[in-house]
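Please read the following report alongside the sequence and the model. It begins with one residue and then widens to the chain.

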Amino acid sequence: MRQSALCDQNARMLKDRESHGSRSFFTEIISSISDLKFAKDGRHILSRDYMNLKLWDMHMDGAPVATFKLHEFLLPKVFFMCKTKHLAK
């Protein structure tokens, strides 16, 4: 019999050590996970945010196994658009 119908506690939390530091509304948006896929082996997860793909090993939750930069060339332009409120229109 189950103890509770609520899912309000984490079973596992994956944190990227590189992403610590000062956080703003902008950094929260671009670092938010937009997609996630589980490998068939059940051990690996591939997560996607706006700037990176990150490969996680479920046995090593301290940092991703690999990070692949996707749109590094867009970062200065996105900062400019956010500062000048072009993204809010």
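Tyr50 counts as partly exposed because its relative accessibility is 47%, where buried means under 20% relative accessible area, exposed over 50%, and partly exposed in between (1.4 Å probe, protein chains only). Tyr50 lies in the loop between β2 (44–48) and β3 (52–57), strands being DSSP runs of E with at least two residues and helices DSSP runs of H or I with at least four, numbered from the N terminus.

Together with Phe25 and Ile29, Tyr50 makes a nonpolar surface patch of about 350 Å². Such patches are made of residues with over 30% relative accessible area and no salt bridge, nonpolar side chains (Val, Leu, Ile, Met, Phe, Trp, Tyr) being joined within 5 Å; a salt bridge is a side-chain nitrogen of Lys or Arg within 4 Å of a carboxyl oxygen of Asp or Glu.

## Basis of the model

This is a predicted model, in which local features need pLDDT of at least 70 and side-chain atom pairs count only at pLDDT 80 or more, while totals for chains, interfaces and linings use all residues. Residues are numbered from 1 along each chain as its sequence is written, and side-chain values use heavy atoms, with hydrogens and water left out.

## Strand pairing

β2 and β3 form a hairpin with three residues between them, and these antiparallel strands are joined by five bridges; two strands pair if DSSP finds at least two bridges between them. Ser47 has Lys54 in β3 as its bridge partner. β3 also runs antiparallel to β4 (residues 66–69), with four bridges joining them, and Leu55 has Ala66 in β4 as its bridge partner.

## The chain overall

The chain has two helices and four strands, in the order α-β-β-β-β-α from the N terminus on. Of its 89 residues, 13% count as buried.

Definitions and conventions:
Patches are made of residues with over 30% relative accessible area and no salt bridge: like charges are joined within 9 Å, nonpolar side chains (Val, Leu, Ile, Met, Phe, Trp, Tyr) within 5 Å. Accessible areas come from the Shrake-Rupley method with a 1.4 Å probe; for residues, only the protein chains shown count as cover.
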